[in-house]
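Hi everyone, thanks for making time this morning.

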Amino acid sequence: MTSADPVALAEALIRCPSVTPDEAGALAFCEKVLAEAGFATERVTFSTPGTPDVENLYARCGTGAPYLLFAGHTDVVPPGDAGRWRHDPFSGTIEDGVLYGRGACDMKGGVAAMLAAAIRFVMANPGFGGSIGFLLTGDEEGPAVNGTVKLLEWAKARGERFDHCILGEPTNPKHLGDMIKIGRRGSLTGHLTVHGRQGHVAYPHLADNPVHGMVRLISALLAEPLDAGTAHFAPSNLEMTTFDVGNPASNVIPAEARATFNIRFNDTWLPATLAAEIERRLAAAAGNAVRYEVAFAPTNATAFVTEPGDFVTLVQDAVEAHTGRRPALSTTGGTSDARFIKDHCPVIEYGLVGETMHQVDECARVSDIEALTAIYETVLGRYFMPS
């Protein structure tokens, strides 16, 4: 195995059972590969009460500007029932040109492509004049408290300044040239409680059914769109995720009803302004008839967009050069560590096809891993040595 072979690197990373927050040798392996290629590396562990300690890796080659950062994570979600996999989820088995294993697409395959591309570029261009860095965490699939967000602040305190970042999340729905993420929606979760009075269903005048009030409030939240969408975002979307009264008896009116909702919101809103709008709608619907409380979970996921420009075009051009497809610019999907990186430099996300992420038999085509490596290498060449 050579450090510039992305498929071999991906196999080795998958064989590290780094289910979040366990490092399981994955970051140590990345550090070894980068150090042998001439990168200065540092492993940093962060702690917060109530959350697991998390190891992270920072690496840099070069001292000058511009500084292009690669970011990603080596932690993975649990494999579930290993017996349902066609191969052991941590074996890194290749069959018929497909690499199987937990993390194959999310995102050890992407990390391997980044490593191989950077090492190839540095070996071929030892005096390229800028800097290439890696920001790798073991906390993306977990609480995301002791990972990228703290590693960025740690780097900033040391005087590190980044010009652009590529986050290697699996962004493509079906084909390698489908999509680049230039932003992400925010996420806000609310917990709604309606208070009633317990009683016998045959004597409703002696009780106060909270289910009726809950239905009234939910209907008000869903009655009107939150917005019409913006230039780079679809309309914000509210989904009810739970509705519970905790009542095992069919002849009892419950005393309380509880519901949870999540809103994936665009750049029309901030968490505080969106929460205020939800509170306004609830108050108007409740009037003096419904007794309720609403509480919002803390969130670090706000909507953001990296405006299309030279850097985005550069990456689009590189993708098209290798895939023959012009990737769409998107802000769809869930949250990612890009929400932290955007506070330090412009960031885009581009990686493998994500069809099987978090599934049984997660996999990535070997040809895609090799093509992604070539795309990253082309980005590096055009970024540091534009024609």
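Let's begin at Leu226. Leaving aside residues up to four places away in sequence, Leu226 touches Ser236, Leu238, Ile263, Trp269, Leu274, Glu277, Ile278 and Arg281. Please keep in mind that this is a predicted model.

Where does Leu226 sit? You'll find Leu226 in the loop between helix H5, residues 210-223, and strand E12, residues 237-244. Is Leu226 buried or exposed? Leu226 has a relative accessible area of 11%, so it counts as buried.

Glu277 belongs to helix H6, which covers residues 271-286. With the same exclusion of residues up to four places away in sequence, Glu277 touches Leu226 and Trp269.

How many disulfides does a search of the whole structure find? The search comes back with zero. Cys16 is in no disulfide, and the nearest cysteine sulfur, that of Cys30, is 8.1 Å away. A disulfide here would need the two sulfur atoms within 2.5 Å. For Cys61, the closest cysteine sulfur is again in Cys30, at 16 Å, so that pair is too far apart for a bond. Both Cys16 and Cys61 are buried: the relative accessible area is 12% for Cys16 and 11% for Cys61.

Last stop, a pair of helices. We describe two packed helices by the angle between their axes and the distance between the axes. Helix H3, residues 104-124, and helix H9, residues 366-384, have axes that come within 8 Å and cross at roughly 45 degrees. H3 and H9 are therefore oblique to each other, and their crossing is right-handed. On the H3 side the contact includes Gly109, Gly110, Ala113 and Met114, while H9 contributes residues including Ile369, Leu372, Tyr376 and Phe384. Which classes make up this contact? There are 11 nonpolar, four polar and two charged residues where H3 meets H9. Among the residues in the contact are Arg120 of H3 and Glu377 of H9.

That's my tour, and I'm happy to go back to any view you'd like.

Technical notes:
Residues numbered from 1 in each chain as written. Predicted model: local features only at pLDDT ≥ 70, side-chain atom pairs only at ≥ 80, totals over all residues. Heavy atoms only, no water. Buried < 20%, exposed > 50% of the residue type's maximum accessible area, 1.4 Å probe, protein only. Helix = DSSP H or I, 4+ residues; strand = E, 2+ residues; numbered from the N terminus. Contact = heavy atoms within 4.5 Å. Axes fitted to C-alpha atoms, helices over the stretch in contact; angles between N-to-C directions. Parallel < 35°, antiparallel > 145°, perpendicular 65-115°, else oblique. Left-handed = near helix turned anticlockwise from the far one by under 90°. Nonpolar A, V, L, I, M, F, W, Y, C, P; charged D, E, K, R; others polar.
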